[in-house]
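These are my notebook entries on a single chain, kept in the order in which I looked things up.

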Amino acid sequence: MKEIVSISTRNKVPFTQKMAFGSGHLINNLIPGLLGVFVVFLKSPEGFAMNTILAGLIVGIPRIFDALTDPIMGYISDNTTSKYGRRRPYIFIGSIFTGIIFIILWQIHDTSPEMYNFWYLLIFSILLIFGNTIFSTPLIALGYEMTSDYKERTKLMGFANTIGQLAWMIVPFLYVLIPDKDLFTSQAQGVRIIALVGGIIIIILGILPAIFCKGIDDSKIEGREQMTFKNVLLSGAKIFYNIKQILKNKPFVKLCLATFLVFNGFQIVAEFGVFIINYYMFNGDWGASKWWIAIFPAVTAFYTAFIAIPIINIMANKFGKRKAFIYATAISIFGYILKWWGFDPENPYMLFLPIPLMAFGMGCLFTLMMSMTADVCDLDELENGMPRKEGTFGAVYWWMIKVGQGIALVFSGIILSVLGYDPKASTQTAEALTGMRITDIALPVLTAALAIWVMWSYSLDEKRAKEIKEELESRRGIL
């Protein structure tokens, strides 16, 4: 009995560390949340009135660049040796760099030529993504190694995901604040000032995981390579060898594919809701629509954080992580379908109809998938030995997401253009609005259904995960 208590205590993540890890996830959600809002004002006729394809390239191209740097950062993080650990120095430096670049990025003016703003935003967006890679890749890896317990991993990721959802509760209200002429002389000025505040928050909250969170005992990690500038430059072959080994891990490939489908199906149409509410429900009247544009995603985030995620945790404990993902994703499909009736010009309150069901989609995604990725890291150590590669696994996992996200954000602008959206017009054609409404529902429904199909045969369940953990601890001791 004493041994059982000892194991339980050892694997439990202290609340302070959960809060600090959650603050890092808050930043990981705050950055794309702010970028999403700012990009809407880039396309707004009262903001920067930028061409939708150019605006899509600004956010899409850096994501593809990010996908190239993530595996390198994962490799560096896995092989670093320092008295502060493998992950925390990068988290500390990356958060400061990211916050500063974020402020600089959005110091643009609506009076500047469109192509000047395009190139300025593109260059500094790439720098922002570089800084975020330094911060985010080690942070994700740190989360994978904060506990070795199958169920505690889900609790940790669920807690971090809940904290991260706070960003999505707050950020949508910028749709109300930025156009407010009593606060800002123009939407461009609002973007500049909010970017300054956002950059400071990124720095303050971003350093907390570096200060408070603890991973595994680095002194017990064997097989690390010496991290010199020369070795990093020459590490390409080793990085791609590790990626090749990782992609032989069938459970991990399924996690990546399912996440790619659900997340990027949602990302392509993420901003469609803003335009549908404004142009379809309120005939292009930003003054009348702004509160509804803010409330819809904020309430969705609230349901995700405080209703969907706790239920998903219960489902995972009762049915296992795979079944919990399938059930939650299926529920979200019905939510997406209900959006057809939810966007009702005659009754705006119908917006709340699909939210309780939709919330299960994004709620289960990073709660369960990141927990299962931590399990997969144990499987990799069992099959391939030391060093443990949480950084590389995390990098490849997010590489899949970011490549897809980059493509999704580019295609979002292209689809809007094909459907007939005009960023300089105060109203949109009926054909364009109908096309947006259909795409807004059909695309995430299709990708979610495909994700369920991918995860149907996922095989790394709780019993197998515990067997792997016991075999590893008998082989190399407790980390």
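Which residue forms a salt bridge with Lys 339, and how many Å apart are the closest N and O atoms? I found the partner to be Asp 440, with the closest N and O atoms 2.9 Å apart. The pair links distant parts of the chain, since Lys 339 sits in helix α15 (residues 321-342) and Asp 440 in helix α18 (residues 430-455), 101 residues apart. I looked up the accessibility of the two and noted that both Lys 339 and Asp 440 are buried. I record here that the model is a predicted one, and that I read every value below as computed from it.

**Entry: other salt bridges**

Asp 375 pairs with Arg 153, the closest N and O atoms being 2.9 Å apart. This pair also joins distant parts of the chain, with Asp 375 in helix α16 (residues 355-384) and Arg 153 in helix α6, 222 residues apart. Because its relative accessibility is 3%, Asp 375 counts as buried, and Arg 153 is buried as well, with a relative accessible area of 3%.

**Entry: cavities**

How many cavities of 30 Å³ or more does the count give? I noted two, and I looked into the second largest cavity, which holds about 60 Å³ of space. Its lining consists of Val 262, Phe 266, Thr 329, Ser 332, Tyr 336, Gly 361, Met 362, Cys 364, Pro 444 and Ala 448. The elements that give two or more residues to this lining are α12 (250-268), α15, α16 and α18. By class, I sorted the lining of the second largest cavity into seven nonpolar, three polar and no charged residues.

**Entry: second largest pocket**

I next took the second largest pocket, with about 230 Å³ of space. Helices α2 (15-43), α6 (150-170) and α8 (187-206) each supply at least two residues of its lining, and the largest share, five residues, comes from α8. Among the lining residues I listed Leu 26, Leu 30, Ile 170, Leu 174, Val 197, Gly 198 and Leu 205. The lining of this pocket has 11 nonpolar residues, one polar residue and no charged ones.

**Entry: nonpolar surface patch**

Which residues form a nonpolar patch on the surface? I found Phe 65, Phe 97, Met 115, Trp 119, Ile 123, Leu 127 and Phe 130, which together have about 630 Å² of accessible area. Helix α5 (residues 114-144) gives the largest share of the patch, five residues. I checked Phe 130, which lies in helix α5, and noted that it counts as partly exposed because its relative accessibility is 38%.

Key: Residues numbered from 1 in each chain as written. Predicted model: local features only at pLDDT ≥ 70, side-chain atom pairs only at ≥ 80, totals over all residues. Heavy atoms only, no water. 1 Å grid on protein atoms, 1.4 Å probe; cavity = no way out; pocket = protein on both sides within 12 Å on 5 of 7 lines; lining within 4 Å. Points joined across faces, edges and corners; volume = space filled by probe spheres on them. Helix = DSSP H or I, 4+ residues; strand = E, 2+ residues; numbered from the N terminus. Nonpolar A, V, L, I, M, F, W, Y, C, P; charged D, E, K, R; others polar. Patch = residues over 30% accessible without salt bridge, like charges linked within 9 Å, V, L, I, M, F, W, Y side chains within 5 Å. Areas by Shrake-Rupley, 256 points an atom, 1.4 Å probe, with all protein chains shown as cover. Salt bridge = Lys/Arg side-chain N within 4 Å of Asp/Glu carboxyl O. Buried < 20%, exposed > 50% of the residue type's maximum accessible area, 1.4 Å probe, protein only.
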